[in-house]
Amino acid sequence: MNKTFKCFAILSSVLLFLGGCYNDNEYDLYPFPSGPCDSTSVSYSTSIAPIITANCNVCHSTANPSGNVITDTWEGLNTQALNGNLWGGVNWENGYIPMPKDASKLSDCDLAKIKNWINQGAPNN
Ligand code: HEC
């Protein structure tokens with residue numbers, strides 16, 4: 001065995017060993033019960049409205065809209081989506097008031113879904 005080959009052999013076994021220990025199945029990466037984040041197939045009714053109902057509508061209902069911002073209808077939310085305030089607010093960007101007000105930021109998964117929906121033009125689907 002020459003030196004180069006020996007070196008290569010040792011290195012390969014180390015890499016194989018490390019590879020064997022690295023466990024990347026989806027159940028370990030995304031433990032039950034939340035499951036993997038699917039932010040790709042979003043629609044207003046199935047993905048966006050539930051997030052907004054849970055986090056925003058208590059303060060932004062049509063009946064009593066804080067800051068004149070309505071989020072409990074598609075029309076109201078679409079307005080905020082297209083004028084930039086929805087993303088600026090939920091992503092806590094400079095120059096926007098962080099939303100939801102006095103609560104923690106939405107999860108990365110929820111933010112990814114909202115971003116994707118806005119990028120599609122915030123459709124009523
Ligand atoms: C606890 C009440 C409360 C909750 C919950 C809340 N908001 Fe607000 N929101 C306000 C108030 C009050 C204002 C008016 C500005 C102010 O007084 O801070 C406002 C303003 C806004 C504005 C306009 C901000 C701007 O920069 O002009 C947007 C957009 C908005 N909210 C979106 C949301 C979204 C989306 C959620 C859910 C993720 C949410 N809000 C949750 C109370 C709330």
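Residues are numbered from 1 along each chain as its sequence is written. Because the model is predicted, local features need pLDDT of at least 70 and side-chain atom pairs count only at pLDDT 80 or more, while totals for chains, interfaces and linings use all residues, and side-chain values use heavy atoms, with hydrogens and water left out.

The chain contains six helices and zero strands, in the order α-α-α-α-α-α along the sequence, where helices (H or I, at least four residues) and strands (E, at least two) are DSSP runs numbered from the N terminus. Of its 125 residues, 28% are buried, buried meaning under 20% relative accessible area, exposed over 50% and partly exposed in between (1.4 Å probe, protein chains only). The accessible surface amounts to about 8600 Å², and carbon and sulfur atoms supply 59% of that area, as computed by the Shrake-Rupley method with a 1.4 Å probe. Among contacts (heavy atoms within 4.5 Å) with a separation of 6 or more, 52% are between residues 24 or more positions apart.

One disulfide is present, defined as a pair of cysteine sulfur atoms within 2.5 Å, and it joins Cys37 to Cys109 with an S to S distance of 2.2 Å. Cys37 lies in the loop between helix H2 (26–29) and helix H3 (44–55) and Cys109 in helix H6, so the pair ties together parts that are 72 residues apart in sequence. The torsion about the S-S bond of Cys37 and Cys109 is about 90°, and the disulfide is therefore right-handed. Cys37 is partly exposed at 36% relative accessibility, as is Cys109 at 21%.
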